[in-house]
Amino acid sequence: MTAEAQLDQLLGFFKALAEPSRLKIVGILARGPSTVEGIARQLGLSDSTVSHHLSRLARAGLVRARAEGYYSVYALELQALRTSAKVLLREAEKPKAPREATLDQFDRKVLDAFTDADGRITAFPVQEKKFLVLVRYVLKAFEPGVKYTEKRVNQMLKEYNEDTARLRRSLVEYKYMAREGGGGKYWRIDEGAQASPETGGEMNTRHHSRP
């Protein structure tokens with residue numbers, strides 16, 4: 001990871017921790033792994049609120065989840081915390097020349113335009129390239145090698161946008177996730193289609209969209 005990428009990650013850590021409930025969750029997980037339900041009981045919050053906070057922490061690389069039966073058990077990502085500590089202590093580097101535009105920079109611009117301060121998607125772009133950025137963005141909430149029920153997938157996607165059906169369908173259609181026949185279990189495959197499954201290019205304009 002480059003120095004600039006480490007600084008970006010560190011900034012993500014600070015943003016994720018800039019909320020009292022998320023700090024309390026980190027404190028709980030510092031004592032040992034726990035489920036959404038277990039954390040919710042300790043903090044007196046709803047399961048959906050805790051799930052949302054855990055999603056933010058997971059996107060920042062601060063926590064990870066593993067499946068235990070129907071439940072997901074969350075734990076602190078200790079290596080990420082060690083890395084952030086090293087970045088804080090590292091001597092500042094000399095200024096570098098601006099980099100050429102990269103996909104990561106494009107992704108950040110799209111996310112800045114179409115998500116709010118809490119990481120929720122505020123609108124769906126018409127341009128497919130931008131829409132795929134959002135699809136990959138929500139994909140990060142799902143752990144590789146873990147199978148999720150459709151109910152659990154909807155719960156997780158609702159933390160990003162109320163239109164869970166569209167997000168769930170897009171994850172499958174663009175081949176980032178697979179599912180069992182009849183809408184059973186879902187899991188990551190990360191192949192990632194580069195064009196619309198239906199049109200091979202431009203997406204159809206839908207409600208709640210922005211150019």
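This is a predicted model: local features need pLDDT of at least 70, side-chain atom pairs count only at pLDDT 80 or more; totals for chains, interfaces and linings use all residues.

1. In the hairpin of β2 and β3, two residues lie between the strands, and glycine 69 takes a positive phi near 65 degrees. Helices (H or I, at least four residues) and strands (E, at least two) are DSSP runs, numbered from the N terminus. β2 covers residues 63-68 and β3 covers residues 71-76; the two pair in the antiparallel sense over six bridges. Two strands are said to pair if DSSP finds at least two bridges between them. Alanine 67 has serine 72 of β3 as its bridge partner.

2. Residues are numbered from 1 along each chain as its sequence is written, and side-chain values use heavy atoms, with hydrogens and water left out.

3. β1 and β3 run antiparallel and are joined by two bridges; serine 34 has tyrosine 74 of β3 as its bridge partner. In general, strands of a sheet pair through backbone hydrogen bonds, either parallel or antiparallel.

4. For the protein chain as a whole, the secondary structure comes to nine helices and seven strands. Of its 211 residues, 40% count as buried; buried means under 20% relative accessible area, exposed over 50%, and partly exposed in between (1.4 Å probe, protein chains only). The chain exposes about 12000 Å², of which carbon and sulfur atoms supply 53%. These areas come from the Shrake-Rupley method with a 1.4 Å probe, and for residues only the protein chains shown count as cover. Among contacts in the chain with a separation of 6 or more, 56% are between residues 24 or more positions apart, where contact means heavy atoms within 4.5 Å.

5. Helix α7 (residues 128-139) packs against helix α9 (residues 164-173) at an angle of about 95 degrees, with the axes 10 Å apart. The two helices are therefore roughly perpendicular to each other (angles under 35 degrees count as roughly parallel, over 145 as roughly antiparallel, 65 to 115 as roughly perpendicular and the rest as oblique). Phe131, Val135, Val138 and Leu139 of α7 make the contact with Arg166, Leu167, Ser170 and Leu171 of α9. These residues divide into six nonpolar, one polar and one charged. Ala, Val, Leu, Ile, Met, Phe, Trp, Tyr, Cys and Pro count as nonpolar, Asp, Glu, Lys and Arg as charged, and the others, Gly among them, as polar.

6. Leucine 139, in helix α7, is buried at a relative accessible area of 6%. Not counting residues up to four places away in sequence, leucine 139 touches Leu171, Tyr176, Met177, Arg188 and Asp190.

7. Threonine 164 is located in helix α9 and counts as buried at 15% relative accessibility. Beyond residues up to four places away in sequence, threonine 164 touches Asn154, Leu157 and Lys158. Lysine 175, in the loop between α9 and β5 (177-179), has a positive phi of about 65 degrees although it is not a glycine. Lysine 175 is partly exposed, with a relative accessible area of 43%.

8. Leaving aside neighbours within four places in sequence, aspartate 107 is in contact with Val133 and Arg136. Alanine 113 also lies in helix α6 but is partly exposed, with a relative accessible area of 35%.

Definitions and conventions
Axes are lines fitted to C-alpha atoms, for helices over the stretch in contact, and angles run from 0 to 180 degrees between N-to-C directions.
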